[in-house]
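I opened my notebook to go through this structure step by step. My plan was to start with the whole chain and then follow single residues.

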Amino acid sequence: MKTKLFSILAASALAFTACSDENTPGPIVKGEKDLIGNIEANTTLDANIEYTMTGTVLVKSGATLTIPAGTTIKATAGGTNVYLLVEKGGKLIADGTADKPVIFTSAASAPKAGDWGGILLNGNAPLSRAEGAKSDAATEISTNIRFGGDDVADNSGKLNFVRIEYTGARINNDAEHNGLTLNGVGNGTVLSNIVLTHGDDDAIEFFGGTVNASNILVINCTDDMFDFSQGYRGTVKNVYGIREAGYTAVTADPRGIEADGNLDGKTPNDINQSDFTVDGITIVNNAPGKDANLTMHDVFKIRRGAKATIKNAFAKFGAGTTAVDLIDFNDDRGAGDAASTIEYTIDPANGLGDAKIKNPGNAKIEKKDGLKGADVSAFSWTGYKF
């Protein structure tokens, strides 16, 4: 089915009118336009038009898709067939403002998690790999779309003041769409002021790369809030994840942070394994589940060779909620790097209770009073009531 999908896209033209190579918008026209197919030349959308993404949109290498502040794109509920993917060498510039964010949402009359496949950026930055091997991997979408390279400062564009809603779709038992997928994205890319809400599966996942990110708000994702894998080496600042009352996970092990050094623990001898920093993080769970796993399995899971430096972490669990583990470095495919450091506090009035810390390698884990976690004032533009 994937081969057929991509062959159709390769032969199709854009269903909207592309702008000139100079990236100059066309006439301002009120109305709606469909968005589907390959973007092969620099294209700027029009903030006065509400676009409908009716299928897969591929930003090809050498092309830039620019989405101005205040633009809304509604995706037809099509699961794995509807998503926006930027190939390595391409760019997405979605540069909103606090008053006029760029919005990606579902076109369904009753939107829900999993309506569409989210946004995927593919870059040329390094991945974990065997000694002497090329830094290159296939996306979960298609083996024909590759990511990874040796350009630490690779630039895949800019996402600033962006809302991404009702994303995530299952490809198969081993692969799925996230809200925002970052494949080998370099630190020349800007990721800031992003809210990901009501996603099916992970909210944001970093597959290798060096991109930094700041001010990320995650609301009601069904699996992991923040996922790091395949040699991610960057810094994430001021992030907040919350599961609200009544929201249910779909996996047996939903987590606040899930971190692997290599891809799925399959290549434990890789070089360039994940070594990342999270500076200022809050994890809140207000959703009692029918068992502990559906509430939250781990707040922080560091495994499979990953090295994490987590500063100023704050966890808060509502009445009737708990976690299997607060911090867990164990895994049957390899423990987390013992050189990791975590400083945290937990709300004394929460339901974490006897949540455990599993730290066989004696990583430096320190409970500190007075830590506040994320600064929620950075998310005032979202209108979310904390």
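**Entry 1: The whole chain**

I began with the surface. The accessible surface of the protein chain comes to about 15,000 Å², and carbon and sulfur atoms hold 48% of that area. I noted that this is a predicted model.

Next I looked up the secondary structure. I found two helices and 26 strands in the protein chain. Then I checked burial: 56% of the 386 residues count as buried.

Residues 24 or more positions apart account for 71% of them.

**Entry 2: The nonpolar cores**

How many residues does the largest nonpolar core have? I read off 71. The residues with the most contacts inside this core are Phe104, Phe226, Phe228, Ile257, Ile281, Val299 and Ile310.

I picked phenylalanine 104 and left aside its neighbours within four places in sequence. Its contacts include Ile67, Ile73, Leu84, Trp116 and Ile119. Val162 and Ile164 are also among them, and so are the charged residues Arg163 and Glu165.

There is a second, separate core of 10 residues. Val195, Leu217, Ile242 and Val284 are among its members.

**Entry 3: Strand S16**

In S16, leucine 217 is the bridge partner of valine 195. Strand S14 (residues 190-199) and S16 run parallel and are joined by six bridges.

S16 also pairs with strand S18 (residues 235-243). These two run parallel as well, with six bridges between them. Here alanine 213 has valine 236 in S18 as its bridge partner.

Is strand S16 (residues 213-221) enclosed or open? Eight of its nine residues are buried, so the rest of the structure largely encloses this strand.

**Entry 4: Salt bridges**

I searched the whole structure and got 18 salt bridges. I took a few in turn.

Arginine 146 forms a salt bridge with aspartate 136, with the closest N and O atoms 2.6 Å apart. Arginine 146 is in strand S11 (residues 146-147), while aspartate 136 is in the loop between strands S9 and S10. The two residues are 10 apart. Arginine 146 counts as partly exposed because its relative accessibility is 33%. Aspartate 136 is also partly exposed, at 27%.

Glutamate 343 and lysine 368 meet in a salt bridge of 2.9 Å, N to O. Glutamate 343 lies in strand S24 and lysine 368 in the segment after strand S26, so this pair ties together parts 25 residues apart in sequence. Lysine 368 is partly exposed, with a relative accessible area of 29%.

**Entry 5: Arginine 303**

I kept this residue for the end. Arginine 303 lies in strand S21 (residues 298-303). Is arginine 303 buried or exposed? Its relative accessibility is 8%, so it counts as buried; the cut-off for buried is under 20%.

Arginine 303 forms a salt bridge with aspartate 331, the closest N and O atoms being 3.5 Å apart. Aspartate 331 lies in the loop between strands S23 and S24, so the pair ties together parts 28 residues apart in sequence. The two side chains are also joined by a polar contact of 3.5 Å.

I then looked for a wider group. Arg303 and Asp331 belong to a network of salt bridges that also links Asp253, Arg255, Glu258, Asp260, Asp298 and Arg304.

Last, I listed contacts of arginine 303, again leaving aside neighbours within four places in sequence. Among them are Arg255, Glu258, Asp260 and Phe329.

How values were computed
Residues numbered from 1 in each chain as written. Predicted model: local features only at pLDDT ≥ 70, side-chain atom pairs only at ≥ 80, totals over all residues. Heavy atoms only, no water. Helix = DSSP H or I, 4+ residues; strand = E, 2+ residues; numbered from the N terminus. Buried < 20%, exposed > 50% of the residue type's maximum accessible area, 1.4 Å probe, protein only. Polar contact = N/O pair within 3.5 Å; in protein donor to acceptor, adjacent residues only side chain to side chain. Contact = heavy atoms within 4.5 Å. Areas by Shrake-Rupley, 256 points an atom, 1.4 Å probe, with all protein chains shown as cover. Salt bridge = Lys/Arg side-chain N within 4 Å of Asp/Glu carboxyl O. Core = buried A, V, L, I, M, F, W, Y, C linked by side-chain atoms within 4.5 Å. Pairing = 2+ DSSP bridges.
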